[in-house]
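Biologist: I have a protein model open here and I'm new to reading these. Could you walk me through it?

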Amino acid sequence: MSRPPKQFQSCYNSRLLKIGRQALVLKPKKYQTRVYEYLSSFLPATKGTLLKRLKDLLAAEHKELMKEPLEKLKLDVQVCMPSQQAKYEEKKKTGEDSKEKLTEDDLSDDGGDGSVVPLKRFEWTDELKESLCGVVSAKIRAIREINRHLVDPSAQIQSFLRDEVKVLWPEGWMNSKILFEVSKNAHDSFTQPKVKK
């Protein structure tokens, strides 16, 4: 049977999550697989179905856990943007800082030709930095729980920042390189390669 019946899904989800978390610490990975082989002999589901279900449950749980820190960051950005946009518009009118050559860091993730344009520089507060680090820390906890053996954790964090965090800012005000740099305190131990002694 490839899919468990609905009553299985509803009544065993919490137990499967609990067992799945405990199995994640087993090494080598073949011991994790044996747990699900054993369970499948007692349940109306295959080992593959149990593993897929666990992955879906963990992903749904992590999505729910990410809501609060993302909402806090979104609110913090919304609160500070009007004053920053007003400052930018004032600088444009007065001509101050309005015709600078963009550096590579100032270019958006979508590319850019480095043409002469007014700069939109986002001014970070300690509270905003803390909110961003909270989001990144929550994402790292989720990544570690689902996949403990990442080939490139840095790429995964950069992708998350580009796809899910950068969109909290108005267009042109943020890029993922700056987000990665500002959140370094939260992800540094996760994204830096481990040095073998």
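This is a predicted model: local features need pLDDT of at least 70, side-chain atom pairs count only at pLDDT 80 or more; totals for chains, interfaces and linings use all residues.

Biologist: Okay, in what order do the elements of the chain run from the N terminus on?

Modeller: Helices (H or I, at least four residues) and strands (E, at least two) are DSSP runs, numbered from the N terminus. The chain has seven helices and two strands. Read from the N terminus on, the order is α-α-α-β-β-α-α-α-α.

Biologist: What share of the residues of the chain count as buried?

Modeller: Buried means under 20% relative accessible area, exposed means over 50%, and partly exposed is in between, with a 1.4 Å probe and protein chains only. The chain has 197 residues, and the buried share is 35%.

Biologist: Among contacts between residues at least 6 apart in sequence, what share joins residues at least 24 apart?

Modeller: A contact here means heavy atoms within 4.5 Å. Take the contacts between residues at least 6 apart in sequence, and the share joining residues at least 24 apart is 69%.

Biologist: Now the rings. Why is the pair of Tyr-88 and Trp-173 given the type it has, and what is that type?

Modeller: Rings of Phe, Tyr and Trp (its six-membered ring) pair if their centres lie within 6.5 Å; planes under 30 degrees apart are stacked, over 60 edge-to-face, and the rest tilted. The structure holds five aromatic pairs. In this one the centres are 5.6 Å apart and the planes of Tyr-88 and Trp-173 sit at 75°, so the pair is edge-to-face.

Biologist: How many residues apart are Tyr-88 and Trp-173, and are they buried or exposed?

Modeller: Tyr-88 is in helix α3 (residues 47-94), while Trp-173 is in the loop between α5 (153-165) and α6 (176-182), so to speak linking distant parts of the chain, 85 residues apart. As for cover, both Tyr-88 and Trp-173 are buried.

Biologist: What type of pair do Trp-124 and Trp-169 make?

Modeller: Trp-124 lies in the loop between β2 (116-117) and α4 (126-146), and Trp-169 in the loop between α5 and α6, so the pair ties together parts 45 residues apart in sequence. Both Trp-124 and Trp-169 are buried. Their ring centres are 5.7 Å apart with planes at 55°, so the pair is tilted.

Biologist: On to charges. How far apart are the closest N and O atoms of Glu-37 and Lys-47?

Modeller: A salt bridge is a side-chain nitrogen of Lys or Arg within 4 Å of a carboxyl oxygen of Asp or Glu, and the structure holds nine of them. Glu-37 in helix α2 and Lys-47 in helix α3 are ten residues apart. Glu-37 is partly exposed at 42% relative accessible area, and Lys-47 is partly exposed at 29%. Their closest N and O atoms are 3.7 Å apart.

Biologist: And what is the N to O value for Lys-92 and Glu-89?

Modeller: Lys-92 and Glu-89 both lie in helix α3, three residues apart, about one turn of the helix. Lys-92 is partly exposed at 41%, and Glu-89 is partly exposed at 38%. Their side chains meet in a salt bridge, N to O, at 3.9 Å.

Biologist: Which side chain of opposite charge is nearest to Lys-139?

Modeller: Lys and Arg count as positive and Asp and Glu as negative, with His and the chain ends not counted. Lys-139 is in helix α4. Leaving aside neighbours within four places in sequence, Lys-139 is in contact with Met-66, Ile-157, Phe-160 and Glu-164. Lys-139 is buried yet has no salt bridge, and the nearest side chain of opposite charge, 4.5 Å away, is Glu-164.

How values were computed
Residues are numbered from 1 along each chain as its sequence is written. Side-chain values use heavy atoms; hydrogens and water are left out.
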